[in-house]
Structure formats: structure tokens, C-alpha cells
Amino acid sequence: MDKVTRLASEKGVVLFSKSSCCMCYTVKILFQELGVSPMVHEIDRDPEGWEMEKALMRLGCNGPVPAIFIGGKLVGSTDEVMSLHLSGGLMPMLKPYQTLC
């Protein structure tokens with residue numbers, strides 16, 4: 001749990017992902033198009049990945065990945081991020097972390 005919370009607060013936008021997850025890829029592309037470069041942590045390539053999955057589930061993730069943190073706070077998974085984006089709530093959250101004009 002400590003590793004997850006530490007990593008989640010290392011950068012403004014953090015994405016816990018698995019390299020073979022299509023929904024993770026979708027969120028990565030969305031952020032790229034919105035001008036945000038999240039820190040991506042591929043938990044399937046981490047020796048502590050299984051423990052991290054359990055920690056993400058304990059934090060409230062419906063599935064272990066994708067798990068998106070903005071400003072150190074859990075936003076949720078693909079459904080929550082897409083709902084925020086469609087309702088106009090995602091951009092204000094991402095504004096401080098945008099790298100493109």
C-alpha cells in the first residue's frame with residue numbers, strides 16, 4: 001500500500017496500468033490528446049505488482065487497472081475518467097499538468 005500511495009503522489013497525473021490492457025491504452029491516448037503526460041506505472045512489470053493490485057482494490061478501484069490518480073487523489077478507472085471528460089470535469093483537473101498549449 002505504501003508503494004502505491006508514494007507512486008501516486010510522485011507526479012501530478014499517475015496511471016497504474018498493465019502493458020496488455022486495452023482500457024489502459026485508451027486512457028493513455030486520451031491524456032496524450034489532452035496534452036498531459038502521466039507517469040505510467042506498469043504493474044505487470046513490477047515484482048510487487050500483485051501486492052499493488054490488492055492495494056489499488058483496497059483504495060476503491062473496481063478493477064486494479066487502469067487506476068488514475070490526479071493530484072495524488074484517486075479519480076478512478078476508465079469509466080470515471082471518461083464520464084468526467086464527457087461532462088467537462090476532467091479538463092479543469094488536468095489543467096495544471098498540461099504540457100501542450
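In the predicted model, strand β1 (residues 13-17) and strand β3 (residues 67-70) pair in the antiparallel sense over 4 bridges; strands are DSSP runs of E with at least two residues and helices are runs of H or I with at least four, numbered from the N terminus, and two strands pair if DSSP finds at least two bridges between them. Within β3, Ala67 is the bridge partner of Phe16. Residues are numbered from 1 along each chain as its sequence is written. Because the model is predicted, local features need pLDDT of at least 70 and side-chain atom pairs count only at pLDDT 80 or more, while totals for chains, interfaces and linings use all residues; side-chain values use heavy atoms, with hydrogens and water left out.

An open sheet of mixed pairing is formed by 4 strands in the order β2-β1-β3-β4. Its edge strands, β2 (39-42) and β4 (73-76), each pair on one side only. From one strand to the next, the twist averages 25°; axes are lines fitted to C-alpha atoms, for helices over the stretch in contact, and angles run from 0 to 180 degrees between N-to-C directions.

Helix α3 packs on the sheet, touching β1, β2, β3 and β4, and its direction makes about 65° with that of β3; contact means heavy atoms within 4.5 Å. Helix α4 (residues 78-87) also packs on the sheet, where it touches β3 and β4. The direction of α4 makes about 85° with that of β4.

Glu53 lies in helix α3 (residues 49-59). Glu53 is buried, with a relative accessible area of 15%; buried means under 20%, exposed over 50% and partly exposed in between, with a 1.4 Å probe and protein chains only. Not counting residues up to four places away in sequence, Glu53 touches Lys18, Ile43 and Pro64.
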